[in-house]
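Here are my notes on the model, as numbered points. Please read them with the structure open.

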Amino acid sequence: MKNRIILASTSPRRRELLEREGIDFIIDASSIEETLDETLSLEDKLQRLAIDKVTPIHQKHPFDIVIAADTIVYFQGQIIGKAKDENEARMILSSLSCHKHEVYTAVAIYFQDELITFIDCTKVFFKDISNMIDNYIVSGEWKGKAGAYGIQGTADCFVDYIEGDIDNVIGLPLKKVVQVLKNKNCL
């Protein structure tokens, strides 16, 4: 019997990416307090959070493949999270206008007792979006998204160009995940 693939996330974007790839999976996510350890480097913080997300689901399903991830936007030495309200979303988007930022995703995948982790980074270059921000705020598409935008939606027009994997910006570096699963003969 083939081991199940379990996505330890309720993110609709991660679900859509795996579905797009034709991967058969189920969802079982724990609710953990998403706090970053400020004593760690950026990459170590993210990796720790992905491991914290994957571990309880792995403990429930020790013989299955469990995938967890955490994505952040990083701009001018600061982690940009999800905007709490319209004013914060407007402020975030205004600061990203005409600038480059990075999107990091840490991935943790359990294969029985083996844990594989990696981090992917994509550089995103925004155009001058100052005249588009108000309409975007009204659309509500910014809600629940790191950096207050979703590149897979209407905010794709904010982007001048990217360096790296657009799927990483959406929430999961799918090419790398698929390669790990293939290397483990899971696909």
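How many bridges join strand 3 to strand 5, and do these strands run parallel or antiparallel? Strand 3 and strand 5 run antiparallel, joined by 10 bridges. Keep in mind throughout that this is a predicted model.

1. **Strand 3 and its partners.** Strand 3 covers residues 65-75, and strand 5 covers residues 100-111.

2. Strand 3 and strand 4 pair in the antiparallel sense, over three bridges. Strand 4 spans 78-80. Y74 has I79 of strand 4 as its bridge partner. Two residues separate the strands of this hairpin. One to check is Q76 in the turn, which has a positive phi of about 50°.

3. **F75.** This residue lies in strand 3. Is F75 buried or exposed? F75 is buried, with a relative accessible area of 6%. Leaving aside residues up to four places away in sequence, F75 touches I80, S95, L96, H99, K100 and H101. F75 and D156 are 81 residues apart in sequence. In space, their C-alpha atoms are 18 Å apart.

4. **Helix 3, buried side.** Helix 3 runs over residues 86-96, and A89, I92, L93 and L96 are buried in it. Why do the buried residues line one face of the helix? Seen down the axis of helix 3, they fall within an arc of 95°, so they line one face. What covers them includes strand 3, strand 4, strand 5, strand 6 (114-126) and helix 4 (133-139).

5. **Helix 3, other face and ends.** The face turned away from the buried side carries the exposed residues N87 and M91. At the N-terminal end, D85 caps the helix. A side-chain oxygen of D85 lies 3.2 Å from the backbone nitrogen of N87. Just after helix 3, C98 takes a positive phi of about 70°.

6. **Salt bridge R90 to D134.** The search of the whole structure finds 13 salt bridges. One of them joins the side chains of R90 and D134, at 3.1 Å from N to O. R90 lies in helix 3 and D134 in helix 4, so the pair ties together parts that are 44 residues apart in sequence. R90 is partly exposed, with a relative accessible area of 27%. D134 also counts as partly exposed, at 47% relative accessibility.

7. **Salt bridge E114 to K184.** The side chains of E114 and K184 meet at 2.4 Å, N to O. E114 lies in strand 6 and K184 in the segment after helix 6 (174-183), so the pair ties together parts that are 70 residues apart in sequence. E114 is partly exposed, with a relative accessible area of 33%. K184 counts as partly exposed too, at 32% relative accessibility.

8. **Salt bridge K45 to E38.** Here the side chains meet at 3.0 Å, N to O. K45 is buried, with a relative accessible area of 11%. E38, on the other hand, is exposed, with a relative accessible area of 60%.

9. **R13, a charge to check.** R13 lies in helix 1 (residues 12-20). R13 is buried, yet has no salt bridge. What is the nearest side chain of opposite charge, and how far away is it? The side chain is that of E16, 6.5 Å away. Not counting residues up to four places away in sequence, R13 touches G144, K145, Q152 and I170.

10. **A155.** This residue is found in the loop between helix 4 and strand 7 (159-163). A155 counts as buried, at 0% relative accessibility. A155 touches Y136, E141, Y149 and G150, again not counting residues up to four places away in sequence. A155 and M132 are 23 residues apart in sequence and 9.2 Å apart in space, C-alpha to C-alpha.

Conventions:
Residues numbered from 1 in each chain as written. Predicted model: local features only at pLDDT ≥ 70, side-chain atom pairs only at ≥ 80, totals over all residues. Heavy atoms only, no water. Helix = DSSP H or I, 4+ residues; strand = E, 2+ residues; numbered from the N terminus. Buried < 20%, exposed > 50% of the residue type's maximum accessible area, 1.4 Å probe, protein only. Lys, Arg positive; Asp, Glu negative; His and termini not counted. Salt bridge = Lys/Arg side-chain N within 4 Å of Asp/Glu carboxyl O. Contact = heavy atoms within 4.5 Å. Arc of directions from axis to C-beta. Polar contact = N/O pair within 3.5 Å; in protein donor to acceptor, adjacent residues only side chain to side chain. Pairing = 2+ DSSP bridges.
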